[in-house]
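Here is a friendly walk through a structure made of protein chains. Keep the picture open beside the text and look for each part as it is named.

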Amino acid sequence: MIGAELSLLRREPHLKWGALALLMLVAIAAWNGRMLLESRTADATLALQESRDTIEALAKQAGNGNPTATSPGAAAFGAVSATIVRHIATGESLAIGQTDLEANFQTLTARNPYASFAASAPDNALRLAVGNFDVAFVLVWLVPLLVIAAFFDIVAGERERGVLALAVVAGAAASRYLWTKWLTRTLASIVVTWLPVALAIGVGEPTWTGDTAIALLAWGTVLSAYVFFWAALALACNVGRGNSERHAAVLAAAWLTLVILLPAAINLIVSNVFPAPSRVELAAQLREATESADRAAAKDRDRWFFDHPDLRSGEAERVAYYRSVAASERVITAAITPQLSAFETRAAERRELTRRLQWLSPAATTHDALTVLSHTDGASQAAFRDAALQFHARWQAFFFERIDGERALTHEDYARLPKFESPSTSSLLALQRAATNVIVLFCIGLLLCFYCGVRLVRLDAILPQEEGG
Amino acid sequence: MIEAKGLSKSYGNVQALHELDLEVRAGGIYCLLGANGAGKTTTLNLFLGFIQPTSGMAAISGVVVRDDPVAARRQVAYIPETVMLYGMLSGVENLDYFAKLSGCRHDQRALRGFLQRAGLAPAAHDRPLKTYSKGMRQKVGVAIALARNARALLLDEPTSGLDPKASNEFSELIAGMARDGAAILMATHDLFRARETGTHIGIMRDGVLRAEFVASEIDHVSLENEYLKIMKED
């Protein structure tokens, strides 16, 4: 029976064409993700190289006593910048997640770093609702449609074709016959689902490593759980009353609800409960703090020169100017830190609520697992922002110590510049979190199977065909 | 042997079948005639164990269906009014599928032999079933019965919608199976075919078997007259 069932599946033209369309879309999405990532990586590499070249050149000039290179103020507030680059995790090209909300690199100076963060508002709590055209989106949206196409008439169709009656007369218990059929189709669908995953990783990831194999396994497992859920839902729908057309309509409505409407509703709820912090407001606060700090610094500077008119020109004025700039930056940092902190708190609240609400939609649960596995979820982005802030504090401290102490930069100082390390992407943590989602999907699927089991046992005792005259 | 004793089935207040006594011996073809709703299909469903009788007993080759439906079904083959099967599979694949479901394993040669015995031309064996006419599908149904070596055959209006030639071919097939020792119970609207093919004929109305005839002892005209008389009774 299993062989015949597989043969049937192989010959259903709508499944063949559907699978082909899915593979094509997955390949395009994976290529799209890879191009996007390569372009971002190229930009980051260029910026990183530029920073390194500048630092190298200034280091040389500092050795020669060039005043621009030896002045900590000139270096801190203009000449020297640090480019920090986020680590690209395996599988990132497959799930864009939250990564398109902000650049994967930043070029920082000792000035406040917040201007670049102002553009990183968590606009969309759950990216699934509007969807990036990435592999995760394509799979989460389209795999259920293929499963529905393969399962919508698994019981009703057998009845309508008169096959169930013949199978029962042939000696098979209706429930056992249908379970075998369902299990065969489910296992075949799960096996087939690994194809687009392998294709996506093959196209999207330029090199194969151990991590790539783990990503393939993890993605395959998540999607297997997703397929299992939809197959169980299709069976649960089929064991109820009605013909195959009705079941197809019910399953299509379930797809619309679980894949489109509920994720959109989750976005709406999260956005209303925890509105995204306004970027305009953040930029205005930053500007206001900067202007106020600059005014205060200028006032201090004027007072200092009023007291020391003999130092109004030359090196002393330059040193005083940079000290006042450093003072301004400290004031700006102090003024803007609560806003930034509120921004991160709000983002974390949004993530937490999204995480809780995602259980309402298996599509959202699956999408979350895929973005977590690709380290493109909101938490990974926040970790990068946090690491960037910590690095900036060290960078600022390095220069401010020398500005305040009126210590000239030396060739060796350039070698001692703080180095940025992107937060490590722990595959184990990601796997643990994704495993929770997989377990939830399997459990819902098992509950549906239990319900189907009860209904199918009853089917053994009832007429497996419509009664005639 | 197919046997019913006092077999009754009610749905609430509706009596679908009332006290049916019937016996079809090996080699016999019993044709059940009657209008829609007369209780023909209910009778077949009771023999198949798809529904439980309200009272009485249905048995196939001595096995009471209610007591052991699986064992009873093992003795029987069933051909519904429309044999749909799997349109994407060929005739031989469908036959293989249902034979295996019954626990019978036959090689390709044997399967093709059954199809040929059922009157299906070899050129059609490997074509998808969706390209078959209704008559050809019925022949696949007969081939399934042959492959299972069923000792009892239940047919639900198998010639309905067939052209006269296909209907005649089908009747000859059935007659051949009866000659080989099968007991056949066939529900039909076709008086002519019942008289030509059957060994015994029963006329049902409102769930009651109103009359029984030995086919060889009644001619076509008398059978039609008896049938119309029963249908017109108040």
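Leu85(B) sits in a loop of chain B, between strand E6 (76-79) and helix H3 (91-101). Please keep in mind that this is a predicted model. The backbone angle phi of Leu85(B) is near 50°, a positive value in a residue other than glycine. That is worth a second look, because most residues other than glycine have a negative phi. Is Leu85(B) buried or exposed? It counts as buried, because 24 C-beta neighbours lie inside 10 Å and the cut-off for being buried is 20 or more.

Glu406(A) has 13 other C-beta atoms within 10 Å, so it is partly exposed.

**The two chains**

Now step back and look at whole chains. The table puts some of their values side by side.

| Chain | Secondary structure | Span along principal axes | Buried residues |
|---|---|---|---|
| Chain A | 17 helices and two strands | about 115 × 40 × 30 Å | 44% of 469 residues |
| Chain B | eight helices and 10 strands | roughly 55 × 40 × 30 Å | 49% of 234 residues |

How does the overall form of chain B compare with the globule rule? Chain B has a radius of gyration of 17 Å, close to the 17 Å that the rule gives for 234 residues, so chain B is as compact as a globular protein of that length. For chain A, the radius of gyration is 30 Å, whereas a compact globule of 469 residues would have one near 23 Å.

Contacts can also be sorted by how far apart the partners are in sequence. In chain A, take the contacts between residues at least 6 apart: 88% of them join residues at least 24 apart. In chain B, residues 24 or more positions apart account for 69% of the contacts with a separation of 6 or more.

**A helix to trace by eye**

Several of its residues are buried, including Leu22(A), Val26(A), Gly33(A), Leu37(A) and Leu58(A). After H2(A) comes Gly65(A), with a positive phi near 80°.

**Domains and cores**

Chain B is divided into domain 1 (1-75 + 154-234) and domain 2 (82-150). The C-alpha centres of these two domains of chain B lie 24 Å apart. Nine residues of domain 1 of chain B are in contact with seven residues of domain 2 of chain B.

In soluble globular proteins, nonpolar side chains tend to be buried together. Which residues have the most contacts inside the largest nonpolar core? They are Ala234(A), Leu95(B), Ala143(B) and Ile184(B), in a core of 159 residues. Helix H10 (residues 210-238) of chain A gives the most to this core, with 19 residues. The core also draws at least three residues from each of domain 1 and domain 2 of chain B. Apart from this core lies another one, of 35 residues, among them Ala62(A), Ala76(A), Ala82(A) and Leu409(A).

Beyond its neighbours within four places in sequence, Ala143(B) is in contact with Leu95(B), Phe114(B), Leu115(B), Ala118(B) and Leu120(B).

**Where the chains meet**

The contact takes 23 residues from chain A and 30 residues from chain B. On the side of chain A that touches chain B, the elements giving two or more residues are helix H1 (2-11) and helix H8 (163-169) of chain A. H8(A) gives the most to that side, with six residues.

**Confidence in the model**

Over residues 118-122 of chain A, pLDDT stays under 50, and the model has 16 contacts beyond four places in sequence for them. Residues 465-469 of chain A also stay under 50, with 13 such contacts in the model.

Notes
Residues numbered from 1 in each chain as written. Chains lettered and ligands numbered in written order. Predicted model: local features only at pLDDT ≥ 70, side-chain atom pairs only at ≥ 80, totals over all residues. Buried ≥ 20, exposed ≤ 12 C-beta atoms within 10 Å, placed from the backbone. Helix = DSSP H or I, 4+ residues; strand = E, 2+ residues; numbered from the N terminus. Rg over C-alpha atoms; globule rule 2.2 N^0.38 Å. Contact = placed C-beta atoms within 7 Å. pLDDT = per-residue confidence, 0-100. Core = buried A, V, L, I, M, F, W, Y, C linked by C-beta atoms within 7 Å. Domains from an automatic or database assignment.
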